[in-house]
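Please examine the sequence and the structure before reading on.

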Amino acid sequence: MVVGLAACGSKPAETKSAETTESAESGETAAPAEATGEKELKVQIGPNPETMDPALNSAVDGGNMLLEVSECLLIVDKDGQLQPGQAESWETSEDGLTWTFHLRDGLKWSDGSDFTAKDFEYSWKRVCDPEVAAPYAETVLGMVKGYDEAIEGNTDALAVTAQDDKTLVVELSNPCTYFGSLAAFATLSPVQQATVEANGDAWATSAETYISNGPFHITEWVPNSHITMSKNPYYWNADAIKLDKLTFALIEDSNAAYSAYQSGELLMIKDVPTEEIPSFEGREDYYVEPIIGTYYVSLNLNKEPFNIKEVRQALSLAIDRDYVAGTLMQGTYTAATSFMGPGWVDTDGSEFQANANGGKPYMDNSDFEANVEKAKQLLADAGYPNGEGLPQLTYSTNDTGYHKVVAEYLQQAWAEIGVDLKVETVEWASFTPMRRNGDYEISRNGWIGDYTDPSNMLELLYSTNGNNDGKYNNPEFDAAIDESRSTVDPEARSAALHKAEDIMMEDMACLPIAYYNDFWLQSDKITGAWHSPYGYWHFEYADIVE
């Protein structure tokens with residue numbers, strides 16, 4: 001897993017200096033160019049993205065595409081280390097409150113116009129604009145001085161300042177040395193002010209108006225078909241980019257993706273038919289790697305009966321997580337025993353999960369029959385003996401991977417305690433907005449870490465967080481998170497984060513099901529690409545060889 005970065009409240013990060021970021025991954029001979037003279041890599045990582053606006057995206061597939069067309073101040077390399085991106089160097093003050101980024105010489109947008117520190121200032125302040133309603137705003141900028149005023153509408157209050165064309169200064173309210181990870185996070189990618197203001201929300205919906213600053217830029221966008229990105233000649237490291245084009249096939253049907261892979265049309269697919277997985281075992285082009293994240297079920301706590309804790313606890317106990325992960329998911333996932341799974345790093349560098357709940361699992365999966373009996377009792381205690389008095393409940397999911405089979409299992413499992421469940425399948429492009437807006441009762445959900453600090457996932461449940469899909473609101477939980485944000489003592493911060501998980505697990509604020517792994521098919525013709533524990537495939541410096 002990725003090496004953990006220091007948490008808020010620890011000592012300031014060291015100064016970093018630029019080294020040219022080259023791919024240099026393979027010495028193999030490149031494949032002959034096509035008749036057009038272009039080298040194009042075609043892959044599949046998902047269907048139509050909900051959005052390609054960095055401020056609005058909260059999905060992994062959209063984030064993966066953003067990695068290829070946008071570059072933040074910093075980037076994360078294949079070893080999980082921060083490296084220079086648009087900034088060639090950066091430093092923090094002794095008190096950890098001021099971060100200064102120094103941009104490279106001669107940066108350009110994909111349209112050839114000059115790129116300056118002012119572009120980052122505009123983009124970061126835009127994330128705080130309440131009219132934009134960026135779901136990640138609090139997560140990525142909540143520690144910056146002036147955030148509270150900025151999120152109310154005075155975005156100029158945010159202490160992010162372009163001192164000159166090459167220098168960006170950020171002032172924090174309290175030390176947060178994993179802020180470097182945030183400076184490498186897609187939400188804080190730059191957007192071109194003139195383009196956004198001229199086109200409004202539509203700027204991020206077509207190739208003609210999508211101006212970016214990364215290794216590639218979008219040159220063709222056909223919804224339900226593909227997004228083609230071409231090498232950006234104005235990118236600072238363009239000489240190291242080997243591909244002429246990178247095309248993302250927008251396919252939601254895993255069988256269609258697999259057929260395209262088998263025919264050679266696609267050289268990598270993320271969505272493989274789950275029924276084919278047993279036949280993939282032992283194949284050199286089949287990969288399974290752990291990622292930091294949890295597959296869980298969200299309950300809309302603003303709706304009855306989910307506002308009753310005993311109902312939430314009963315629904316959780318009636319799930320056989322070992323069966324779901326081991327049988328339904330064919331061992332590609334791991335049964336969850338807590339919200340925070342493997343890979344999250346505590347303030348002392350140890351595994352956060354190992355230090356949780358006194359070293360004991362929050363959820364005991366060893367005696368499922370006993371759990372079901374307890375679930376029935378809790379439902380009766382809530383006023384619904386054998387489910388009597390409960391209306392039919394609706395579970396919303398999108399239809400890829402294991403989502404549908406898990407939904408059908410929940411129908412059966414919850415029927416055992418008297419719950420009548422209807423399954424509703426929603427197209428991916430509509431699914432995440434529906435969930436974020438609270439237009440559901442029960443929904444499939446999940447989170448893959450953006451960085452290894454536990455706050456990244458725990459803060460999803462903070463009452464004002466834009467990604468709080470279940471609308472969980474517990475003042476005690478919020479107070480624990482507030483303490484973790486403000487303390488400068490690493491031990492106190494760790495204790496506050498663990499307390500937050502204790503509270504949300506006792507409340508069963510959501511229903512953790514399994515810990516994620518990524519599994520995919522990839523041709524050995526692809527070199528120089530890599531997969532991160534954050535669920536992203538990096539094709540920036542990829543090549544195609546024979």
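How much space lies in the largest cavity? The figure is about 820 Å³, where a cavity is a set of points, on a 1 Å grid over the protein atoms alone, at which a 1.4 Å probe fits but cannot get out. Grid points are joined across faces, edges and corners, and the volume is the space filled by probe spheres set on the points. The model is predicted, with local features requiring pLDDT of at least 70 and side-chain atom pairs pLDDT 80 or more, while totals for chains, interfaces and linings use all residues. Numbering runs from 1 along each chain as its sequence is written, and side-chain values use heavy atoms, without hydrogens or water.

The whole structure contains three cavities of 30 Å³ or more. The largest is lined by 46 residues, of which V60, K270, W428, I448 and Y516 are the closest to its centre; a lining residue has an atom within 4 Å of a point. Elements that each supply at least two lining residues are β2 (40-46), α1 (60-69), α13 (428-436), β17 (442-448) and β18 (511-522). Helices (H or I, at least four residues) and strands (E, at least two) are DSSP runs, numbered from the N terminus. Strand β17 provides the largest share, five residues. By class, this lining has 20 nonpolar, 16 polar and 10 charged residues; Ala, Val, Leu, Ile, Met, Phe, Trp, Tyr, Cys and Pro count as nonpolar, Asp, Glu, Lys and Arg as charged, and the others, Gly among them, as polar.

The second largest cavity has a volume of about 70 Å³. Its lining includes Y296, S298, L299, N445 and D469, and strand β13 (residues 286-299) contributes the most, three residues. Six nonpolar, five polar and one charged residue make up this lining.

Notes: 1 Å grid on protein atoms, 1.4 Å probe; cavity = no way out; pocket = protein on both sides within 12 Å on 5 of 7 lines; lining within 4 Å.
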